[in-house]
Amino acid sequence: MKKFVTLLATFLVLASLTACGSKEPAGKMTIGTPPLTGDFLDGWGNSAYDRIVRDMIHGYPTYDYTDAGEFVLNKTVVDKEEVTENEDGSKTYTFTIHKDLKWSDDTPITAKDFVFSLLFSSSPEFAAVGANNTGASPLVGWDDYSLSQEDIDDGIEKGKIDPDYTKVDTFDGVKLVDDHTFSLTIKAEELPYFFEVTYVSASPSPMHVWAPGADIEHGASKMTFGGDTADMAAVANYVSTKERFAPTVTSGMYNFVSYEQETVTMEVNPNFKGDYRGHKPSIKTVEVKRVNETLDVDYVLSGDIDITTGVVEGEKIEKALAAKEEGKAGLTTYERNGYGYLGFHSDFGPVADVKVRQAIGFLVDREEFVNGILGGYGVTVNGEYGLGQWMYKENAETIENDLINYVYDPDEAAKLLDETEWNKDKDGNAYAGNGFRYNDKGDKLVINHAGSENNPITDLIASDLVGRFEKAGIEYNVDFLDFNVMLDYFYNDEGQQEAALGARKYHTFNLASSFAAAYDPYYSYHSKYYGTWMNSTQTNDPKFDELVETMRGLDPEQHDEFSAAWLEFQKYWNEQLPNFPLYSNQYYDIYGATLDNVNTTPFYSIGRAVIDITLK
């Protein structure tokens, strides 16, 4: 821990406020990452590495967040904002955007593009192509607008929807006022909400490209179709099969050029007006390129790539520190706003039993991960939190003292397993500590684990945990999968798995997550989303429902109350273990000596920070 704190104090780089863009953009930067899925639009369950690209090519949100995670009105986009508290308890935000915003193809960005973006991404047709259409669910009218005819028929059959109900094509909470003004109305029942402005953080989508011939009338909350666009289903088909993988027109700081040979190439967007501060990028071309994860730092030091981010392995960090001393590399380090974990599908197989999950917690020596993988540059955590979160900083003492500390304790694990159905030997006698465990049906206690290839954490799990688990009577099978295939198994619900991947197989996964600036675990743990990829742990627990509802039902001014509610959530999470937390740590972004102003933070990853990076 001493090494962890000392290096944080020594190498933390404060964000520079030097505006870029005073000179013509020039040069090229290459970012090395693990595999991308090649999914460059929001809505699908893609990876953090795709997010790097998305952050660069999409832009102009009405509300943005700073490098410290603070939400701010984006005055580069919004010329005027009006907020009205309505008599029914709802709240309307009316935005007038600047008239000088342009798409990368020189087409003006208007209020229609913001309204279209919400109408499309909330439509049942968007959901029908496998995307998440719930982003605007807090707005008035979403519940009706988002329903497909199939949903309606099913609801009528089950008695949940009135037989006289008819499908609507208007989204009443989203309204086009004029060419440069639109309004968004938040439902009364969604207020208060601690991160209220995220409900009205809207970004444009290019209606002239995605839906040519379609239109939205002033004062309307619906689209009309014509020309080359038959209906919303046609838009969804085009976007999900074309634009999703190769965006043709963009609003962000860079234009998408190509994705070939596992490399995304982007070039600066000359029409980009700037981020929320008015800053523009100074580097003309950026590549996001897949590299071997075990050699990423070596590639930086050899000049094959310019930067690799999120480095956690101690051996790599030590190598980069030595190179920094010699003037051959630079690095930025920051506390992680996330954690590494074993992910469970907590409704499936043996891990559906909380005592099995807890037993796993006492069979894992997490110090092996901190020391063997992180080289001491991290700490174990006992909940779903990261060291960079302000809630953790405020509650650190209670977190450290009151939560169950899952240390390696095979006796405690055995005690917990004896309290489950897996308390027999193969002959049906009480389990006495030899061989594998069975239940009364004669089923062996088997847990199948999916890990990604070329990943030192998967390697450690295979070499360390398999033997520990076997001594406890658990057959633990580890499969090394392509990263994207592993994500498919983790995120897809049972029906999708049976269709695309075969019957469910895996109970545990080794993963890591970074939290959004607005930490809201509602979609991840509420039973409303059980069976979907959003609730990836497949948690279905009324207590979790209550806890996440409490957190999100607070006013933005109720800072202390949110902090307290977050702590209660962490306490219950620590008992139930929908995932098993391994560590949180410092991230090290390691870059070549030719880069300057690399100011990444827990909230400001390379996809955002690139706007301030300069070439020496």
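**Figure 1. The D612–R277 salt bridge in the predicted model**. D612 is buried at 5% relative accessibility (buried means under 20% relative accessible area, exposed over 50%, partly exposed in between; 1.4 Å probe, protein chains only). D612 sits in the loop between α21 (606-609) and β20 (614-615) and R277 in the loop between β9 (263-268) and β10 (283-290), so the pair ties together parts 335 residues apart in sequence. Helices (H or I, at least four residues) and strands (E, at least two) are DSSP runs, numbered from the N terminus.

**Figure 2. The E475–K444 salt bridge**. The side chains meet at 2.8 Å, N to O. E475 belongs to strand β16 (residues 475-481) and K444 to the loop between α14 (410-418) and β15 (446-452), so parts 31 residues apart in sequence are tied together. E475 is partly exposed at 22%, and K444 is partly exposed at 29%.

**Figure 3. R51 and D55 in helix α2**. Both residues lie in α2 (residues 48-57), 4 residues apart, about one turn of the helix. R51 is partly exposed at 32%, whereas D55 is buried at 16%. A network of salt bridges links D42, R51, R54 and D55. The whole structure has 32 salt bridges.

**Notes.** Residues are numbered from 1 along each chain as its sequence is written, and side-chain values use heavy atoms, without hydrogens and water. In this predicted model, local features need pLDDT of at least 70 and side-chain atom pairs count only at pLDDT 80 or more, while totals for chains, interfaces and linings use all residues.

Notes
A salt bridge is a side-chain nitrogen of Lys or Arg within 4 Å of a carboxyl oxygen of Asp or Glu.
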